[in-house]
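Please read the points below with the model open beside them.

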Amino acid sequence: MGPLRHTLSKDERLHGRNDISRLFAEGKFGVAGSLKYCFRSGNGLPYTRIMVSVPKRLFKRAVKRNLLKRRLRESYRLQKHLLTCSEGTDLMFVYNTKETLPFKDLYILVGQILEKIQK
């Protein structure tokens, strides 16, 4: 099969009004530490798509929001092999605390979420 490729292509990003509203309508919500998440199994694709959100009311400056979004996406990218579903999953992460968490903490939280979803 070859080595694991840790990539996050444009196809793996959840976008489009219909797909996002379907995730909100049919998805299951949960909380892990300072991250909220919503997931929906069976998106009809052979891969998982993710969406990351950091609310403007928590971080007014775009630089901080973008930093946290990059950290969340990178945490997912390095651990996406934990989701071994044959059918694709749509997944959304929402940052939920005013403090700026270091990458290591976000990595652990994302790992916990992926393990919960896998079960």
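The numbered points go from the conventions to the fold and then to the salt bridges.

1. This is a predicted model, in which local features need pLDDT of at least 70, side-chain atom pairs count only at pLDDT 80 or more, and totals for chains, interfaces and linings use all residues. Residues are numbered from 1 along each chain as its sequence is written, and side-chain values use heavy atoms, with hydrogens and water left out.

2. An open sheet of 4 strands has the order β1-β2-β4-β3 with mixed pairing. Strands are DSSP runs of E, at least two residues, and helices are runs of H or I, at least four, numbered from the N terminus; two strands pair if DSSP finds at least two bridges between them. β1 and β2 (residues 35–41) are antiparallel over 5 bridges, with K28 opposite F39 in β2.

3. Helix α1 (residues 17–26) packs on the sheet and touches β1, β2, β3 and β4 (89–95). Contact means heavy atoms within 4.5 Å.

4. The whole structure holds 7 salt bridges (side-chain nitrogen of Lys or Arg within 4 Å of a carboxyl oxygen of Asp or Glu). In one of them E12 meets K80 at 2.8 Å, N to O. E12 lies in the segment before α1 and K80 in the loop between α2 and β4, so the pair ties together parts 68 residues apart in sequence. Both residues are buried (under 20% relative accessible area, 1.4 Å probe, protein chains only).

5. D90 forms salt bridges with R40 (3.5 Å, N to O) and with R49 (3.0 Å, N to O). D90 counts as buried at 0% relative accessibility, and R49 at 9%. D19, R22, E26, R40, R49 and D90 are linked in a salt-bridge network.

Methods: Axes are lines fitted to C-alpha atoms, for helices over the stretch in contact, and angles run from 0 to 180 degrees between N-to-C directions. Buried means under 20% relative accessible area, exposed over 50%, partly exposed in between (1.4 Å probe, protein chains only).
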